Amino acid sequence: MPIRRSSKILFVVGVLLVAAAAAIRFLLVPSATKLPTDLDSTAQYTGTADLLNAQALESGDIANAVARDVPVTINRHIYVSSSTGDTAVTHDDTTLNTPSGAIPNNHTYALDRTTLDRAPAPSGEAVEDHSGLTISLPLHPAASSDYQFYDTATRTTVPVTYVDSGTVSGRDVHNYTVDAQGPLADPTVAASLPPALPKSLLTSILPLLPANTAAEIGGALDTLADPVPLNYTAETAITLAADTVTGAPLDATLNQKVIANLDLSGRTVSVMPVLAIDTELTDASVAAGAAAAAKASSQLTMIGTYAPLALLLLGAVCIVLAWIRRHPKRTPVASSRLDEDEVAPLG
């Protein structure tokens, strides 16, 4: 029995719609849930800082050697410059803006576009060796302390501690903390600090130090080289509220200290902080981050759920209609025999 042409068309359309639903679900969705290759975002922190005034220190102006509670901002620019497969070369450029000028500090990573952890660097790309998260948590972050964070100041990997969950600008978030401390290893920051102090200068700052520290250093001055070598340690404390869908930090605080130390007979003695930053994301950055997360979340829901489901249902309807309408309706065949009442009499 012949099959209607319209049914054939409906069947083909139905199969194509089902195939499109599968393609979106299993091809497009995995791609859409990875770090975008065109990522380009900015955020700003604001707060105060204690800053070393190297010129005042060198000139012996001890009273102004450290500027305290200086208003500062931090501009953070995160962007992807290139990608190869599942690896994205990602830049995290920060600029500390102070009344005396801007202090840039830039980092480049090779990131896995799914986990956002370290990935092998593409050929020819100069990236910072690291391990742990840097720019964001992954998609749909867990309410757990299973993540690791890369601290740029010490170049170490430390745990991310889950605290609780809440909301920021109407978005559900998980709250985490990060704490890192150790020898200063960031070459950009280290290059801005004096490697040593003349013994005379160290002597002149002793009255500014806690009494026990001043006494300990003063008692060891005769045994120290001139100039006196310094080493530096860093302490970083971060709180962040990560969107429960995108993993992006919607709100965050950054507190960081760099401390100058002396080595006294193998024992490290802290002299004074030479850099102390106390900042938080601005309200405008929080609002912009929440809006971006809401848009991305809607797109993920549309691509991952609504679009494939709608295409699948339409395809199924087309296939069912094609089956129901597959054969043309039968047309009754007129009888070739005359009804007996209609037979004319003979003769």
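The side chains of Glu 216 and Arg 267 meet in a salt bridge, with an N to O distance of 1.5 Å; a salt bridge is here a side-chain nitrogen of Lys or Arg within 4 Å of a carboxyl oxygen of Asp or Glu. Glu 216 belongs to helix α5 (residues 211–220) and Arg 267 to strand β12 (residues 267–281), so the pair ties together parts that are 51 residues apart in sequence. Helices (H or I, at least four residues) and strands (E, at least two) are DSSP runs, numbered from the N terminus. Glu 216 is partly exposed, at a relative accessible area of 30%, and Arg 267 is likewise partly exposed, at 43%. Buried denotes under 20% relative accessible area, exposed over 50%, and partly exposed the range in between (1.4 Å probe, protein chains only).

The model is predicted: local features need pLDDT of at least 70 and side-chain atom pairs count only at pLDDT 80 or more, whereas totals for chains, interfaces and linings use all residues. Residues are numbered from 1 along each chain as its sequence is written, and side-chain values use heavy atoms, with hydrogens and water left out.

The chain contains six helices and twelve strands. Of its 347 residues, 37% count as buried. Among contacts (heavy atoms within 4.5 Å) between residues at least 6 apart in sequence, 60% join residues at least 24 apart.

The structure holds seven salt bridges. In one of them, the side chains of Arg 155 and Glu 128 meet at 3.4 Å, N to O. This pair links distant parts of the chain, 27 residues apart: Arg 155 is in the loop between β5 (148–151) and β6 (156–168), and Glu 128 is in the loop between β4 (101–112) and β5. Arg 155 is partly exposed, with a relative accessible area of 38%, whereas Glu 128 is buried, with a value of 10%. A salt bridge also joins the side chains of Arg 171 and Asp 243 (2.8 Å, N to O). Since Arg 171 lies in strand β7 (residues 171–183) and Asp 243 in strand β10 (residues 231–243), the pair ties together parts that are 72 residues apart in sequence. Both Arg 171 and Asp 243 are buried.

The largest nonpolar core has 68 residues; such a core is a set of buried Ala, Val, Leu, Ile, Met, Phe, Trp, Tyr and Cys residues joined through side-chain atoms within 4.5 Å. In soluble globular proteins, nonpolar side chains tend to be buried together. The residues with the most contacts inside this core are Leu 193, Leu 202, Ile 217, Tyr 232, Val 258 and Leu 262. Beyond four places in sequence, Leu 262 touches, among others, Leu 202, Ile 217 and Val 228, and also Arg 267, the residue that pairs with Glu 216.

Polar side chains are also found at buried positions. Gln 256 is located in strand β11 (residues 249–264) and counts as buried at 17% relative accessibility. Its side chain is joined to that of Thr 236 by a polar contact of 2.9 Å. A polar contact is a pair of N or O atoms within 3.5 Å; within protein, one must be able to donate a hydrogen and the other to accept it, and residues adjacent in sequence count only if both atoms are side-chain atoms. Asp 92, in strand β3 (residues 87–98), is buried at 6% relative accessibility, and its side chain makes a polar contact of 2.7 Å with the side chain of Arg 76. Residues touched by Asp 92 beyond four places in sequence include His 77, Asn 105, Tyr 109 and Thr 134.

Helix α6 (residues 283–324) has 42 residues and should span 62 Å at 1.5 Å a residue; its end C-alpha atoms are 60 Å apart, which agrees. The expected span is 1.5 Å times one less than the number of residues. The helix bends by about 40° at Met 302, the bend being the angle between axes fitted to the seven residues ending there and the seven starting there. Among the buried residues of α6 are Ala 290, Gly 304, Pro 308 and Cys 318. Leu 311 and Ala 20 are 291 residues apart in sequence but 7.0 Å apart in space, C-alpha to C-alpha. Ala 20 lies in helix α1 (residues 5–32) and is partly exposed at 28% relative accessibility.

Several backbone features occur in loops. A cis peptide bond, with omega of about 5°, joins Asp 226 and Pro 227; Pro 227 is in the loop between α5 and β9 (228–229). His 140, in the loop between β4 and β5, has a positive phi near 50° and is exposed at 52% relative accessibility. Ser 265, in the loop between β11 and β12, has a positive phi near 55° and is exposed at 79%.
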